[in-house]
Amino acid sequence: MSAQSAPDAGIILAQNGPFRGFNPFAPLQRLFGGGERRSKRQAPQQQAPKVVRPAGTPPRFEVVTKDPDAGLILVVGDRMARGVADGLKFTLAEKPQIRVEPVTEDKAGFTGAPPPDWATQVLSKIRGADVKAVVVMIGHQDIGKTFPGEPPVEFMTAEWLDTYRNKVAALVRVVRQEKKPLIWAGLPPSDDELVNADFTQLNSLFKAGAQDRRVRYVDIWDIFLAEDGSYSSYGPDVDGKNTRLRTGDRIGFTWAGYRKVAFFVERELSRLLGGYGGLAFEGVEDDPNFIVLTGRTTSPESLLLGGEDDKAIDAASRTYGFFARGDPLPPMTGRVDDPRLPVEGASALEEAPAESTMAPPLEDTFVPPASSDPALHGLLSGRADGDSRISVTLQPSGQ
């Protein structure tokens with residue numbers, strides 16, 4: 001084949017020896033932009049996958065080793081109760097003398113088919129461990145559900161409310177029969193008016209069941225509302241920082257929200273158990289005549305006056321002034337703190353001016369007991385012969 005008949009093709013240079021790989025047109029290609037430019041590209045760095053923590057799930061945190069005889073706080077209820085238990089664990093992480101254990105089922109309440117036997121579960125825990133208090137938060141999963149039966153008890157009917165009230169009372173009764181304090185956390189507001197109506201009805205049953213002296217109802221409704229009383233998913237957390245407290249369904253809580261609920265629950269626990277220093281004395285914490293002198297956080301004047309409600313105390317009363325402010329009591333005839341000495345005739349003493357009842361100087365009252373002088377005899381008997389002064393000789397008993 002001749003060179004003229006050869007097809008169009010690129011010029012191939014034979015390169016051998018030390019010039020193998022040499023391209024004589026490389027300078028022209030660089031000058032006029034011809035040819036392909038090879039650029040060194042760095043391989044993209046692989047970023048670690050970002051871990052997204054589900055709403056309401058606590059972060060990892062360290063917990064100190066608990067004492068072998070640490071007291072136990074039981075947290076009972078549904079998913080909300082589990083979140084409160086996590087919040088309490090976080091709050092009490094550095095307290096070795098107290099630990100938290102949940103007794104929860106995320107999608108269970110008092111209704112359903114069949115509902116859990118909460119009272120039996122709690123009783124078995126109380127009798128098998130050193131339980132100091134029980135916390136309950138329940139009810140979210142009961143909305144719209146019936147009680148099993150033939151026929152089923154329809155939601156929010158009068159019979160349904162009576163059945164639900166009995167369930168609440170049974171759980172409270174089991175805890176109180178074992179002489180354990182109980183804290184019942186109410187349900188929060190939502191962005192749905194119908195749900196709010198149901199939650200409000202259930203909260204009224206919970207509050208009515210918390211009439212015992214050692215049962216506290218924690219009302220969290222207002223603390224999850226905006227300043228104008230409307231619903232808001234945001235609000236101050238336990239550190240005062242404005243953050244998201246509620247989940248996307250506007251019913252559940254984020255981790256910050258659960259910590260806020262746990263904050264108010266823990267405050268009541270501290271009041272009941274004395275700051276976890278000297279935990280409640282078993283068997284005597286319900287005795288009204290037994291006063292714990294250590295660990296109480298309620299005001300001492302409230303305990304001394306027989307109650308824990310400051311509104312029931314009359315600050316202007318003489319009792320409050322004596323016990324709370326330390327005011328002296330007014331003198332009373334015959335009492336040991338009366339500076340006046342007794343004389344013959346109590347009625348005369350009460351009617352006499354104060355200056356006539358004051359004790360005379362010591363030198364005027366001391367008379368040797370062995371004397372037969374009639375004047376002295378009159379002086380010893382308390383009569384005043386020619387003198388208006390009254391003298392009394394004090395002798396030991398039996399002489």
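Q: Which residues does L72 touch, not counting residues up to four places away in sequence?
A: A contact is a pair of heavy atoms within 4.5 Å. With residues up to four places away in sequence left out, L72 touches I98, R99, V100 and E101, and also A129, D130, V131, K132 and A133. The model is predicted, so local features need pLDDT of at least 70 and side-chain atom pairs count only at pLDDT 80 or more, while totals for chains, interfaces and linings use all residues. Residues are numbered from 1 along each chain as its sequence is written, and side-chain values use heavy atoms, with hydrogens and water left out.

Q: Where does L72 lie, and is L72 buried or exposed?
A: L72 is in strand 1, residues 71-77; helices (H or I, at least four residues) and strands (E, at least two) are DSSP runs numbered from the N terminus. L72 has 0% relative accessibility and therefore counts as buried, where buried means under 20% relative accessible area, exposed over 50% and partly exposed in between (1.4 Å probe, protein chains only).

Q: What describes a pair of aromatic rings?
A: Two values do: the distance of the centres and the angle of the planes. Rings of Phe, Tyr and Trp (its six-membered ring) pair if their centres lie within 6.5 Å; planes under 30 degrees apart count as stacked, over 60 as edge-to-face and the rest as tilted. By this rule there are 13 aromatic pairs. In one of them, W160 and Y164, the ring centres are 5.0 Å apart and the planes are at 20°, so the pair is stacked.

Q: Where do W160 and Y164 lie?
A: Both are in helix 4 (residues 158-177), four residues apart, which is about one turn of the helix. W160 counts as buried because its relative accessibility is 0%, and Y164 counts as buried because its relative accessibility is 0%. For F253 and Y258, the centres are 5.3 Å apart and the planes at 55°, so that pair is tilted. F253 and Y258 are buried too.

Q: Which residues do ring pairs link into a cluster?
A: The cluster consists of F110, F147, F155, W160, Y164, W184 and F206.

Q: Which charged ends sit over the rings of F253 and F224?
A: A charge sits over a ring if NZ of Lys or CZ of Arg is within 6 Å of the ring centre and within 35 degrees of the ring normal. The ring of F253 has the charged end of R246 over it, 4.9 Å from the ring centre. Over F224 sits the charged end of K260, at 5.4 Å.

Q: At what angle do helix 4 and helix 5 pack?
A: Axes are lines fitted to C-alpha atoms, for helices over the stretch in contact, and angles run from 0 to 180 degrees between N-to-C directions. Helix 4 and helix 5 (residues 193-208) pack at about 40°, with axes 9 Å apart. They are therefore oblique to each other; under 35 degrees counts as roughly parallel, over 145 as roughly antiparallel, 65 to 115 as roughly perpendicular and the rest as oblique. W160, L161, Y164, R165 and V168 in helix 4 meet Q201, L202, L205 and F206 in helix 5.

Q: How do helix 2 and helix 6 pack?
A: Helix 2 (residues 79-91) and helix 6 (residues 255-273) have axes 8 Å apart at an angle of about 70°, and are therefore roughly perpendicular to each other. Among the residues that meet are G83 and F90 in helix 2, and Y258 and L269 in helix 6.
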